[in-house]
Amino acid sequence: MITDFFSKETFGALAIALTFVAFIPYMLSIWQRHTRPHVFSWFIWGAGTVVVCVAQLTDGAGIGAWPIGISGLLTFGVAFLALARSPDTSIVRSDWFFLVLALSALPLWFLTSTALSAVIVLTIVDLLGFGPSVRKSFERPYEENPTFFAIAVVRNAFVIAALENYSWTTVLFPAAVGGACVLFVLLISVRRSMVKAS
């Protein structure tokens, strides 16, 4: 039956598979020094993603939270790999601003009384994490890999489909991050066409 094929478990498995499909080539590209992600963004994303997974689980997200948790752990892996293999020495004052702003928001998770409050704060933190990468990709669009972020859009759609409980707490983060990834892919594509044309 079609309902059996499109079960929560199926969507969750697809989301987890896409997580690895996105991360493994991306990490290999960093290892080969073809991709040079902004380390600040990846540390911000890792911290926020892991905590959002915990908040989602407390609100009954079930299998839909698993891809988020796996993604959070792999995100830390990207940050450490980028730091070891291709450190970005072009860190500017605005990058520090985004990092400090994001890290100062993280303790608010402990001060909030509900999982939703934590997810709102951490979604904002995650979106702020795009700041350094947007600045860097605007200047050097060929140092980022848009395929990874395009796969993340599809993966987040499967995450939402796999959720066992739909609420602002469970849906907000994957929806917002998916939307941000769409905009980031568009930015990279536009900047690459502009650089090529000049």
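Is Cys181 buried or exposed? Keep in mind that this is a predicted model. Cys181 has a relative accessible area of 4%. Buried means under 20%, so Cys181 is buried. Cys53 comes out at 10%, so that cysteine is buried too.

Look at H9, residues 146-162, and H10, residues 168-197. Their axes lie 8 Å apart, and the packing angle is about 155°. Anything over 145 counts as roughly antiparallel, so H9 is roughly antiparallel to H10. The crossing of these two helices is left-handed.

Who makes the contact? From H9, the residues include Pro146, Phe149, Val153 and Ile160. From H10, they include Val171, Pro174, Phe184 and Arg192. Cys181 is one of the H10 residues in that contact. By class, the H9–H10 contact has 16 nonpolar residues, two polar and one charged.

Second pair. H3 covers residues 39-58, and H8 covers residues 130-139. Their axes come within 7 Å and cross at roughly 155°. H3 and H8 are therefore roughly antiparallel to each other. This crossing is left-handed.

Which residues meet here? On the H3 side, Phe40, Ser41 and Trp45. On the H8 side, Phe130, Pro132 and Ser133. By class, the H3–H8 contact has four nonpolar residues, two polar and no charged ones.

That's my part. Over to you.

Conventions: Residues are numbered from 1 along each chain as its sequence is written. This is a predicted model: local features need pLDDT of at least 70, side-chain atom pairs count only at pLDDT 80 or more; totals for chains, interfaces and linings use all residues. Side-chain values use heavy atoms; hydrogens and water are left out. Buried means under 20% relative accessible area, exposed over 50%, partly exposed in between (1.4 Å probe, protein chains only). Axes are lines fitted to C-alpha atoms, for helices over the stretch in contact, and angles run from 0 to 180 degrees between N-to-C directions. Helices (H or I, at least four residues) and strands (E, at least two) are DSSP runs, numbered from the N terminus. Angles under 35 degrees count as roughly parallel, over 145 as roughly antiparallel, 65 to 115 as roughly perpendicular and the rest as oblique. A crossing is left-handed if the near helix is turned anticlockwise from the far one by less than a right angle, and right-handed if clockwise. Contact means heavy atoms within 4.5 Å. Ala, Val, Leu, Ile, Met, Phe, Trp, Tyr, Cys and Pro count as nonpolar, Asp, Glu, Lys and Arg as charged, and the others, Gly among them, as polar.
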